[in-house]
Amino acid sequence: MHITAVKFTTKLQSVVDSSSVTPTLTASTLTASTLTASTLTASTLTASTLLHPLSLSDVSLRDSMANALRRLSKCGVAGFLPQVFSRHGPRTLPHLVCQKRNNSTSSKIKVDLDPSTGVAVMRMQSPPVNSLNLDLLTEFTTTLEKLELDKSCRGVIITSSLPKIFSAGLDILEMYQTSPEHCGEFWRAVQEMWLKLYGSKLTTIAAINGSSPAGGCLVSISCDYRVMADNPRYSIGLNETLLGIVAPYWFKDTMANTVGHRTTELALALGRLYSAPEALKIGLVDELVPEDQVVTTAAQTMGQWLAIDEHARQVTKAMMRKPTIDKLLSNREADVDNFVSFITQASVQKSLGMYLKMLKNRKG
Ligand code: CO8
């Protein structure tokens, strides 16, 4: 990340220190939590509240606490044990998350924020295909959170630094032959990324400069606007059924909010991957431009969005997206359970194995 951890820590600390913000969680709700007084302070609740722009009140207490601890521990805010609480009780944070602090060399996302325009460009740089593994998802979410806290940032362009690929979607290896616990951890990270992106108060534009299947498509349709490279070899869509898996309801809802119910029904049932021109035709993307103009066009479009009254735009966005977000927020753990029990089935694992083999054989 090019936004330094020091800068963010200072910013976060100032948020934490701010006495003008009223924590939304009360002492009585805290008593119900499994967290002890020594690990929980009013200031952490305040920080966690601010990190959710839309409808935090619907997040379960446990998730809020766990997320706040996870985030603060990643940012180097002192006084936190490297433990979070899951439904299975306390567990240690992934080692990698703790190590990643201040380590820009291992960054999977490059961020360039221009304070004069208020526009940040987030470039995924995780070769070979920007598959969304736990590390990339976590960094994606953290990056967005940092940008949301940065008052000089008003819009984000999301793109890829890899040629020909925006993102290959969720990393299949995170779901193939891994433990149920790992699958659960992974799925929470997918949820968290989507909640943060779909609910972001920032203007978000996807500059899709390559293929964008499945989870890559989800990232794209979670943005406010999509500019795609005018190249028929690049494809985008929710192709889950081709892997023998099912797009979860919130993937489906995000798609339906973009292209409508019937088109989504066809797209999901058939696992359709649309070429760039086809994607434009069905409204899956908003604009096609020559490949070398994807990011500059996104920046120009961003200018139009940023000219709109900020508050009015944010309230409108929340009005359009809140019901979809709330559906998952009120059902997160059930969604994790569904995912884990589905993905660990022998027949589903077999399909994933065959799909991975197909990807390898295609090369030969
Ligand atoms: N996960 C893990 N590894 C991947 C993935 C992926 N999604 N995509 C590609 N790879 C690997 C390949 O296996 C290959 O590995 P290796 O070098 O070891 O052989 C390497 O990345 C490079 O891939 P390619 O050679 O295929 O690269 P190309 O440039 O030729 O093609 C594509 C790039 C077009 C992205 C191509 O790799 C592709 O089509 N990938 C598969 C994309 C896909 O189908 N993704 C779906 C992921 S599932 C998802 O996102 C939603 C899941 C929802 C779960 C719900 C369950 C209930």
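Me: Where α9 passes α10, is the crossing left-handed or right-handed?
Reply: The crossing of α9 past α10 is right-handed. Keep in mind that this is a predicted model.

Me: How do I describe a pair of packed helices, and what are the values for α9 and α10?
Reply: Start with the general idea. Two quantities describe two packed helices: the angle between their axes and the distance between those axes. Now the case here. Helix α9 covers residues 249-259 and helix α10 covers residues 261-270. Their axes are 7 Å apart, and the packing angle is about 130°. Because of that angle, α9 counts as oblique to α10.

Me: Which residues make the contact of α9 and α10?
Reply: From α9 come K252, M255, A256 and V259. From α10 come H261, T263, T264, A267 and L268. Sort this contact by class and you get 5 nonpolar, 3 polar and 1 charged residues.

Me: Next pair. At what angle do α7 and α13 cross?
Reply: Helix α7 (residues 180-198) and helix α13 (residues 310-329) cross at roughly 165°. Their axes come within 10 Å. The angle is over 145 degrees, so α7 is roughly antiparallel to α13. The crossing of these two helices is left-handed.

Me: What residues build the contact of α7 and α13?
Reply: On the α7 side, find Q191, W194, L195 and Y198. On the α13 side, find K317, R321, T324, I325, L328 and L329. By class, the contact of α7 with α13 holds 6 nonpolar, 2 polar and 2 charged residues.

Me: How do α7 and α14 cross: left-handed or right-handed?
Reply: α7 passes α14 in a right-handed crossing. Helix α14 is residues 332-343. The axes of α7 and α14 come within 9 Å and cross at roughly 130°. The two helices are therefore oblique to each other.

Me: Which residues of α7 meet α14?
Reply: P180, C183, G184, F186, W187, R188, Q191, E192 and L195 do. Their partners in α14 are R332, E333, D335, V336, F339, V340 and I343. The class count for α7 with α14 is 9 nonpolar, 2 polar and 5 charged.

Me: On to the ligand. Which residues come nearest?
Reply: There are 26 residues around the ligand. Nearest are L170, Y355, K360, R362 and K363.

Me: Now the backbone. Is the peptide bond from P127 to P128 cis or trans?
Reply: Check omega. For P127 to P128, omega is near 5°, and the bond is cis. P128 sits in the loop between β4 (119-124) and α6 (134-149).

Me: What is phi of N130?
Reply: Phi of N130 is near 55°. That is a positive value, and the residue is not glycine. N130 also belongs to the loop between β4 and α6.

Conventions:
Residues are numbered from 1 along each chain as its sequence is written. This is a predicted model: local features need pLDDT of at least 70, side-chain atom pairs count only at pLDDT 80 or more; totals for chains, interfaces and linings use all residues. Side-chain values use heavy atoms; hydrogens and water are left out. Axes are lines fitted to C-alpha atoms, for helices over the stretch in contact, and angles run from 0 to 180 degrees between N-to-C directions. Helices (H or I, at least four residues) and strands (E, at least two) are DSSP runs, numbered from the N terminus. Angles under 35 degrees count as roughly parallel, over 145 as roughly antiparallel, 65 to 115 as roughly perpendicular and the rest as oblique. A crossing is left-handed if the near helix is turned anticlockwise from the far one by less than a right angle, and right-handed if clockwise. Contact means heavy atoms within 4.5 Å. Ala, Val, Leu, Ile, Met, Phe, Trp, Tyr, Cys and Pro count as nonpolar, Asp, Glu, Lys and Arg as charged, and the others, Gly among them, as polar. A residue is near a molecule or strand if one of its heavy atoms lies within 4 Å of it.
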